[in-house]
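Please examine the sequence and the three-dimensional structure shown below. A short report on selected features follows them.

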Amino acid sequence: MKRVAFIEQMEHSECGLACLSMILSYYGHHCSISDLREEYDIPSSGASFLNLSYIGNDRGMNCKGFSCSQKDLEFLRGSTPFIAHWNQNHFVVIEKIGKYVHIVDPALGRQRISIEEFFVHFSGFLMSFSPNDQFIHKKKKSTVKFFWGFAKTHQKWIYITLVFSLLLQTLGLFIPMLTKWVTDDVIISKDQSLIKFIGLYIVFLLLLNILFSLARGFAITRLQRLMDKTMMTTFVSHLFNLPYAFFEKRTGGDLLFRSNSHLVIRQILSNRVVGFLIDGILLIGYAFMMLNQSVQLGLGVITLSILLFIVLVSCTRVTQRLNNKDVVAQSKVQSHLSEAIHGASDVKMLGIERQVVGEWSSKFEHQLMITEKKNYWNTILNTIASSVQFIVPTILLWYGSMLILEGRMTIGELLGFSALATMFMMPIVSIGMGYTELLYLGSYVQRLTDVLDAKEEELHLDEGTLPRLKGRIELKNVSYAYDSFANPTLKNIDLIIQPGEKIGVVGASGAGKSTLAKLLIGFYRPTEGDVLYDERSLNTIDIRQLRHQTGVILQETKLFHKSIFDNICPGEDYDLEKVERATRQANLHDEIMRLPMQYHSMLSEGGTNLSGGQRQRLLLARALYHDPSILILDEATSALDNLNENLIDDNISNLECTRIVIAHRLNTIRNADRIIVLDQGEIVEEGSHHELMMNKGHYYELYHAQDKEIIHAT
């Protein structure tokens, strides 16, 4: 029966997308999760059957959803794969139904469970798929191209490694020849005159072995360094050129795990791939030499080796399944630990240390269990291989002794052939075991290519130098939805902001204020409409130059584990005069000067050795450092006391730049030239504080509701 290829989900919400990718690949339309993700944005909460049927129909599939009871399951035996709703919030592929149910879980891999256990997890709903006339076959992307893309830039060192590996292995061919010659022409003949020559011959072989081994080792070391540099530079460079939305959907631990995958990949590529080429060449040479010495013994050894190779390769499905589970488990452990360390303050505050350690321990125990199973399985395979290698010389000794007694072979020929047969078995085992390593490699490559295949952020770097912006911003009929299936978060926004104007943006939670800020700096791209800076479309502006002229503080903005200087002007040489000007505008200079190391003081990760107000003022200094043409502040003063807030507000009001202030505390934007009121993604009011209070609309209600909260709190 045709099997469903396992495709691992790359995000917590992508189980449905991964299942659909498996179904499409099963029918011959090979597409990765990243291909589907780029074309169809999936809700951050996960896809529904309705979403999957929409994508399936668009890809030329007939999709049908239906409910299924335990009795109905009997009628599905022998049917094509289904997608099943699982544990109320997950999707899996049902591959086969028989005495057991065979499922392919995009989070855990291939599993076989009983009918009873199946219905413990099964939510009762399935979706079937079948190709229609619009279905298009699509070939699978070659993994070889991925490897060759990195390897081809270092062909010289690959060839050097290949040459010295071949020389080293060829050197081994002299051992059987030497064994035969010494036995027959020296020991049997009792010719002592050749003893000294044999000693010199052995020393010569030893020196050549040392020379070739060192040269090969140095070449591999050099090749690994170059491949590390190429892979990691490509990966990290591409990673940080991806849009902001990519990082919103992935955990830091998972991305770190992926970035470390290069260690496994380069180890296998630099050793196993070269080894495969050498072993393949040597197998032909060894086989020819064995057959030349004894056709009977040669055919026997070759047949036994082929059987061993078939056994090793036929076990690769189990090996691949265990390897996939091991990689998934490692990723989950690292993601959990990374998240827990990052949120250590919350863990302490909530007093859930035991729960966090317990959850980590459970995940880690699960990983150890899978690793243990994988190691047990590898032990079985290694035992089979080593047992065959162990018994072959004994069998040859038994059968060869009969040939010697019959006068059809000399003792030297038998010993030489035995050594040759042992050397022939080694490449067979190496290729068989190495093949499983290449399958193991696929789990890591899939995680790397998920990042490398993701579409980079549109930067428009070829547009030349962006002149100093005047600060005029226009939003023309802008709408934005987080995914293809969600309702717009912002709807039909028409807004013109004049140079130097101070704009306040207010609204209830979820009104779209932060989304608007991220649209303005190009973190998100409008689903409809356009954003213009000085009458130039955001789609034609070098986004990095725009951000360089824009001072921004978002709610997610963080401080680095670096000095205060490096936090104010990260990634460049600081200008002391500009730094001091920015910190004075943020009302922080005097406090910094009271620190022992002043501006050279180191901050802990996230700036936790500063107070909340100091962190916000330091971020404000960073935003002001480049004398921005546009300043966008999203809840940038929420942790400040009234005195600091008023002083900073006065300083910001005196700036000759366009200011957009998103605030929850409405008192902070009373002096704005205009206040924009958002409600459910739409502009419902616009005007000065006085005008909006006179209108007694949304703003009026928000303002008085906040006053009541303050009075109640006091």
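## Basis of the model

This is a predicted model, in which local features need pLDDT of at least 70 and side-chain atom pairs count only at pLDDT 80 or more, while totals for chains, interfaces and linings use all residues. Residues are numbered from 1 along each chain as its sequence is written, and side-chain values use heavy atoms, with hydrogens and water left out.

## Aromatic pairs

The whole structure holds 15 aromatic pairs. Rings of Phe, Tyr and Trp (its six-membered ring) pair if their centres lie within 6.5 Å; planes under 30 degrees apart are stacked, those over 60 are edge-to-face, and the rest are tilted. Tyrosine 26 and tyrosine 27 are edge-to-face, because their ring centres are 5.1 Å apart and their planes stand at 90°. Tyrosine 26 is buried at a relative accessible area of 12%, and tyrosine 27 is buried at 17%. Here buried means under 20% relative accessible area, exposed means over 50%, and partly exposed lies in between (1.4 Å probe, protein chains only).

The rings of tyrosine 480 and tyrosine 482 have centres 5.1 Å apart and planes at 80°, so this pair is edge-to-face. Tyrosine 480 is buried, with 8% relative accessibility, whereas tyrosine 482 is partly exposed at 34%. Elsewhere, one aromatic cluster is formed by Trp86, Phe118, Phe119 and Phe122.

## Charges over rings

A charge sits over a ring if NZ of Lys or CZ of Arg is within 6 Å of the ring centre and within 35 degrees of the ring normal. The charged end of arginine 112 is placed over the ring of tyrosine 100, 4.3 Å from its centre. Lysine 578 lies over the face of tyrosine 625, at 4.7 Å from the ring centre.

## Annotated regions

An unreviewed UniProt entry annotates "transmembrane region" at several stretches, including residues 198–219 and 297–315. UniProt positions follow the numbering used here, feature names are shortened, and annotations may be inferred rather than shown by experiment.

Residues 198–219 are 100% helix and 0% strand, with end C-alpha atoms 31 Å apart. For residues 297–315 the values are 95% helix and 0% strand, and the end C-alpha atoms are 28 Å apart. Helices (H or I, at least four residues) and strands (E, at least two) are DSSP runs, numbered from the N terminus.

## A helix pair

In H1 (residues 15–26), Gly16, Leu17 and Leu20 meet Leu52, Ile55 and Gly56 of H3, where contact means heavy atoms within 4.5 Å.
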